[in-house]
Amino acid sequence: MNFAFSEEQEQLREFVRSFLEDKSAEAAVREQMDTDQGYDDAVWSQMAEQMGLQALAIPEEFGGQGFGFIEQVVVLEEMGRALLCAPYFSSCVLAANALLASGDDAAKAAHLPGIAAGETRAALAFTEENGRWDEGGITMQASAGGDGHTLNGTKSFVIDGATANLLLVAARTDAGVSLFSVDPDAAGVTRTALSTMDQTRKQAKIDFADTPATLIGTDGGGWDTMQTVLDLAAVALAAEQVGGAQMCLEMSVEYAKVRVQFGRPIGSFQAIKHKCADMLLEVESAKSAAYYAGWCASEMNDELPQVASLAKSYCSEAYFHAAAENIQIHGGIGFTWEHPAHLYFKRAKSSELMFGDPTYHREQLAQRIGI
């Protein structure tokens, strides 16, 4: 068993990093996070047409490149490092995996080619205003009638929900939690952008009032699909967090080398050395957790549920600690709006809470291993 990245995967990393250094530099991130849309159409098109990133992990039969989850981990790590503002996570991680896990060949054929081509920007709406990530948190009702179903209720904290042109919605029927596809322009859909701490990742509240919807997969089988999707999303987010944490470490070390105080670089002071050493240990440990979880996800083996929670809890804390220490090492300038440290700090905090905080995942891990 080899956990090292292959030469091709390392080339993919270099390719994506070079692209993002050009297209997702700090100035571009600040520009896009201040817009309502939250991303650049031209960059999104380039990602699809020139890089093929949206198609990366989608099977070839649905217009994708057919690569595995390991390649997606590499790409997501670089996106987290660059704080990319784009609906990639919502479309290519959440929505695409929901379609793939649903077992609905007709839905896959209808929606995956558009996601792979970058034409479909999809959002998965399952969290409600109660803020819960488990099955009990889904209370929205779906009523059968006529040719399909109608939805009534509200979804909140929907990543890129305000700009998506396809919505996948989890709601309850008489049979249990089910998954539906909804046209955002359909009757009864009202989308409201939310004000979020992390402005680099847009979220929305979506209200449904007798909105027509199409069932995906089996009636009542939605939570089985959602469990798989949430485990994969936790691994994907852990990879993003590793990229951000590594960037915080590099920023801290570079500043510690060039910032002179009392006639010597601050990196020569023991307190700063200890901070950087602790960050390095946590970032490298987070990489190990995220990479192993990525391998489990690529194999879809029995370890995935446990390892997903382990990676999400550890990488969340490692990223948040690295982002906080990055501000401390930079001192006064680290607290200013002009410095990028706060962008990573906010992304770290929002990612820590997304799909459940570390305490939630440690509890889930304990349940999954039978403690």
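Good morning. What we have here is a predicted model, in which local features need pLDDT of at least 70, side-chain atom pairs count only at pLDDT 80 or more, and totals for chains, interfaces and linings use all residues. Residues are numbered from 1 along each chain as its sequence is written, and side-chain values use heavy atoms, with hydrogens and water left out.

I begin with the chain as a whole. Its secondary structure comprises 11 helices and 9 strands; these are DSSP runs, with helices (H or I) of at least four residues and strands (E) of at least two, numbered from the N terminus. Of the 371 residues, 54% are buried, meaning under 20% relative accessible area with a 1.4 Å probe, protein chains only. The C-alpha trace spans about 80 × 45 × 40 Å along its principal axes.

I turn now to one residue, Lys312, which belongs to helix H9, residues 304-330. Which side chain of opposite charge is nearest to Lys312? It is that of Asp357, 7.5 Å away; Lys and Arg count as positive, Asp and Glu as negative, while His and the chain ends are not counted. A polar atom of the Lys312 side chain does lie 3.1 Å from the backbone oxygen of Ser351. Beyond its neighbours within four places in sequence, Lys312 contacts several residues, including Ala234, Gln241, Glu352 and His361.

Definitions and conventions
Buried means under 20% relative accessible area, exposed over 50%, partly exposed in between (1.4 Å probe, protein chains only). A salt bridge is a side-chain nitrogen of Lys or Arg within 4 Å of a carboxyl oxygen of Asp or Glu. A polar contact is a pair of N or O atoms within 3.5 Å; within protein, one must be able to donate a hydrogen and the other to accept it, and residues adjacent in sequence count only if both atoms are side-chain atoms. Contact means heavy atoms within 4.5 Å.
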